[in-house]
Amino acid sequence: MAAASLEVRALSVGYGPVRALRDVTIDVPEGAIVAVLGGNGAGKSTLLRAISRTLGFQGGHVTSGSVRFDDRPLDGLSATRVVAAGVVQVPEGRQVFARMTVADNLRAGALGATGGRRSSAEALARVHELFPLLADRAHQRAGLLSGGEQQMLAMGRALMAGPRLLLLDEPSLGLAPLMAARIAETVQEINAAGTSVLLVEQNAAIALRLASTAYVLDVGEVALSGTADELASSDEVRRRYLGVVDEDAAADASRAQAAAPTLTRWSA
Ligand code: ATP
């Protein structure tokens with residue numbers, strides 16, 4: 001296996017007295033898509049914030065552990081320096097600048113880049129290739145875009161900084177299935193062009209289709225990890241995250257229902 005380009009080791013995080021992560025260890029090998037699954041409040045966003053060094057903006061702090069990218073510690077860097085090191089986060093909830101145009105949002109994304117004007121023109125051409133709609137709507141206010149289009153803009157803005165590792169926080173959240181599938185395809189294209197991806201998702205079906213390996217967070221701890229195929233066939237993941245019903249339990253329930261007296265349906 002290739003050397004791990006992101007190494008999170010025994011990371012613990014708190015928000016004041018609240019412990020949000022405990023001893024979390026994960027690897028994102030260079031060129032991989034790695035998924036982190038988990039229910040509400042499991043600590044997924046906290047993990048991404050700790051890596052991107054944006055925890056402080058939310059009142060959180062790392063209490064122990066370390067984060068290294070390409071064998072250099074990210075601990076102690078400012079959020080801007082992390083972007084310059086090539087690690088860029090797309091936060092949950094597509095936080096675009098609603099009153100700014102699409103073009104200005106993308107320009108803002110290039111501010112953290114270190115490659116100069118030429119590379120920012122190349123990045124813009126690449127973003128327009130991935131998301132032609134962002135070229136068509138360049139002069140429209142970002143707040144007028146649909147949810148899916150805003151997700152495209154949030155991802156496009158992150159790509160303007162030329163990331164080597166993209167941290168994606170629930171890109172499919174609240175999107176219709178077709179749009180979620182479209183976003184998933186684009187994540188694959190971005191990865192195929194050489195960017196590693198750490199993907200946080202509640203939608204386990206999408207995440208396990210995209211990722212090579214995955215981790216399941218439960219109340220701030222890594223409860224399960226393995227290849228995406230292993231996790232997709234694990235009973236616990238199927239039941240809790242893929243909505244697959246335990247067949248024996250379903251058969252028992254349906255037998256019990258058949259034996260129950262027929263309910264009277266009241267009509268008006
Ligand atoms: P979701 O899928 O609902 O976004 P999550 O897995 O991303 O959940 P986090 O948002 O990382 O979970 O939250 C982990 C824990 O930390 C939760 O108990 C949450 O209440 C707490 N938490 C998150 N942000 C803060 C904050 N700014 N201040 C205090 N507690 C917080």
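This is a predicted model: local features need pLDDT of at least 70, side-chain atom pairs count only at pLDDT 80 or more; totals for chains, interfaces and linings use all residues.
Trainee: Where is Asp 70 found?
Mentor: In a loop. That loop lies between β4 (60-69) and β5 (72-73).

Trainee: What about the phi of Asp 70?
Mentor: Asp 70 has a positive phi, about 50 degrees, and it is not a glycine. Most residues other than glycine have a negative phi.

Trainee: Which residue in the turn between β9 and β10 has a positive phi?
Mentor: Val 219, at about 40 degrees. Val 219 is not a glycine either. It sits in the loop between β9 and β10.

Trainee: Is Val 219 buried or exposed?
Mentor: Exposed. Its relative accessibility is 67%, so it passes the 50% cut-off.

Trainee: Stay with that hairpin. How many bridges join β9 to β10?
Mentor: Six. Strand β9 covers residues 213-218, strand β10 covers residues 221-227, and the two run antiparallel. Two residues separate them in the hairpin.

Trainee: New topic. Which residues come nearest to the ligand?
Mentor: Asn 40, Gly 41, Lys 44, Ser 45 and Thr 46, out of 15 residues around the ligand.

Trainee: How do the shell residues divide into nonpolar, polar and charged?
Mentor: Eight are polar, four are charged and three are nonpolar.

Trainee: Which polar atoms of the protein lie 2.9 Å, 3.0 Å and 3.1 Å from ligand oxygens?
Mentor: Take them in turn. A polar backbone atom of Gly 43 is 2.9 Å from an oxygen atom of the ligand. For Glu 170, a polar side-chain atom lies 3.0 Å from a ligand oxygen. For Gln 202, an N or O atom in the side chain is 3.1 Å from an oxygen atom of the ligand.

Trainee: How much of the ligand does the protein cover?
Mentor: On its own, the ligand has 630 Å² of accessible area, and the protein covers 68% of that.

Trainee: Which helix gives the largest share of the shell?
Mentor: Helix α1, residues 44-52. It supplies four residues.

Trainee: Is α1 mostly covered or uncovered?
Mentor: Mostly covered. Eight of its nine residues are buried. Among them are Lys 44, Ser 45, Leu 47 and Ile 51.

Trainee: What comes just after α1?
Mentor: Arg 53, with a positive phi of about 60 degrees.

Trainee: Back to Thr 46. Where does Thr 46 lie?
Mentor: In helix α1. Thr 46 counts as buried because its relative accessible area is 7%, under the 20% cut-off.

Trainee: Which residues is Thr 46 in contact with, leaving aside neighbours within four places?
Mentor: Val 13, Tyr 15, Ala 20, Leu 21 and Leu 55. Look at Tyr 15 in particular. The side chains of Thr 46 and Tyr 15 make a polar contact at 2.8 Å. These residues are 31 apart along the chain, and their C-alpha atoms are separated by 9.6 Å.

Trainee: Switch to β6. Which residues are on each side of strand β6?
Mentor: Val 87 and Gln 89 are on one side, with Val 88 and Val 90 on the other. Both faces are covered, and all four residues are buried. In a regular strand the side chains alternate between the two faces of the sheet.

Trainee: In which sense do β6 and β7 pair?
Mentor: Parallel, over four bridges; β7 is residues 165-169. One of the pairs is Gln 89 with Leu 167 in β7.

Trainee: And Thr 195, where is that found?
Mentor: In the loop between α7 (177-192) and β8 (196-201). Thr 195 is buried, because a relative accessible area of 10% is under 20%. Beyond four places in sequence, it touches Pro 163, Arg 164, Leu 165, Leu 166 and Ile 190.

Trainee: Last one, the whole chain. How many helices and strands?
Mentor: Eleven helices and ten strands. The chain has 268 residues, and buried ones make up 44%. It exposes about 13,800 Å², with carbon and sulfur atoms supplying 51% of that. Of contacts between residues at least 6 apart in sequence, 70% join residues at least 24 apart.

Conventions
Residues are numbered from 1 along each chain as its sequence is written. Side-chain values use heavy atoms; hydrogens and water are left out. A residue is near a molecule or strand if one of its heavy atoms lies within 4 Å of it. A polar contact is a pair of N or O atoms within 3.5 Å; within protein, one must be able to donate a hydrogen and the other to accept it, and residues adjacent in sequence count only if both atoms are side-chain atoms. Accessible areas come from the Shrake-Rupley method with a 1.4 Å probe; for residues, only the protein chains shown count as cover. Ala, Val, Leu, Ile, Met, Phe, Trp, Tyr, Cys and Pro count as nonpolar, Asp, Glu, Lys and Arg as charged, and the others, Gly among them, as polar. Buried means under 20% relative accessible area, exposed over 50%, partly exposed in between (1.4 Å probe, protein chains only). Contact means heavy atoms within 4.5 Å. Two strands pair if DSSP finds at least two bridges between them.
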